[in-house]
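Keep the viewer open and follow along.

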Amino acid sequence: RDYEHTTPIETFPFGTTGDLATALGGLVSTAGKDECEDCFGGLNAAAQMAWSAPARIIIWTGDAPQHGRKYNGGRGDQHPDSTVTCTPIAQQSLKNNLYTVFIPLGATTDAMTRAMTAEFE
């Protein structure tokens, strides 16, 4: 989802796999005004959740890059001047012992993953 959506980010409390299936089954995704999305908003929301399990893994899938010239790879972006970075999210994740696995759904996120990797080198 994106900045302009009425409910750009939804979080659900941790529970059983059945709870997860119910929550995911009720989600609706709609097209935005551009190709880029608020990827880091979702990651930040996940990093801020009340994690208690010893295994703390965020599995992130995506077919669109984060807003901002640094990440968008020249894709359509209504917010090319966005200064949001993944650094604060990474710092929060490290603090909470969270691991993030990104599964790209196509090459549209390649520039974003390169930029994110460069931020941590």
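Helix 4 spans residues 87–95, and its buried residues are Ile89, Ala90, Gln92 and Ser93. They sit on the same side of helix 4, because they cover an arc of only 165° around the axis. The model is predicted. Now turn to the opposite face. Away from the buried side, helix 4 carries the exposed residues Gln91, Leu94 and Lys95.

What do the buried residues of helix 4 pack against? Their partners are helix 2 and helix 5.

Is Ser93 buried or exposed? Its relative accessibility is 6%, so Ser93 counts as buried; the cut-off for buried is under 20%. Setting aside residues up to four places away in sequence, Ser93 touches Ala47 and Leu98. Move on just past the end of helix 4. There Asn97 takes a positive phi of about 55°.

The largest nonpolar core has 15 residues. Phe40, Leu43, Ile58, Trp60, Tyr71, Met112 and Met116 have the most contacts inside this core. Which elements each supply at least two of its residues? They are helix 2 (39–47), strand 1 (57–62) and helix 5 (110–120). Helix 2 gives the most, with five residues.

Which residues does Ile58 contact, leaving aside its neighbours within four places in sequence? Leu43, Ala46 and Ala47 are among them. Trp51 is another contact of Ile58. The list also includes Leu98, Tyr99, Thr100 and Val101.

A nonpolar surface patch of about 620 Å² is made by Ile57, Ile59, Tyr99, Val101, Ile103 and Leu105. Strand 1 and strand 2 (99–104) each supply at least two residues of the patch. Which strand provides the largest share? Strand 2 does, with three residues. Tyr99 and Val101 belong to this patch, and both are also in contact with Ile58.

Ile103 lies in strand 2 and is one of the patch residues. With a relative accessible area of 37%, Ile103 is partly exposed.

Note on methods: Residues are numbered from 1 along each chain as its sequence is written. This is a predicted model: local features need pLDDT of at least 70, side-chain atom pairs count only at pLDDT 80 or more; totals for chains, interfaces and linings use all residues. Side-chain values use heavy atoms; hydrogens and water are left out. A nonpolar core is a set of buried Ala, Val, Leu, Ile, Met, Phe, Trp, Tyr and Cys residues joined through side-chain atoms within 4.5 Å. Buried means under 20% relative accessible area, exposed over 50%, partly exposed in between (1.4 Å probe, protein chains only). Helices (H or I, at least four residues) and strands (E, at least two) are DSSP runs, numbered from the N terminus. Contact means heavy atoms within 4.5 Å. The arc is that of the directions from the helix axis to the C-beta atoms. Patches are made of residues with over 30% relative accessible area and no salt bridge: like charges are joined within 9 Å, nonpolar side chains (Val, Leu, Ile, Met, Phe, Trp, Tyr) within 5 Å. Accessible areas come from the Shrake-Rupley method with a 1.4 Å probe; for residues, only the protein chains shown count as cover. A salt bridge is a side-chain nitrogen of Lys or Arg within 4 Å of a carboxyl oxygen of Asp or Glu.
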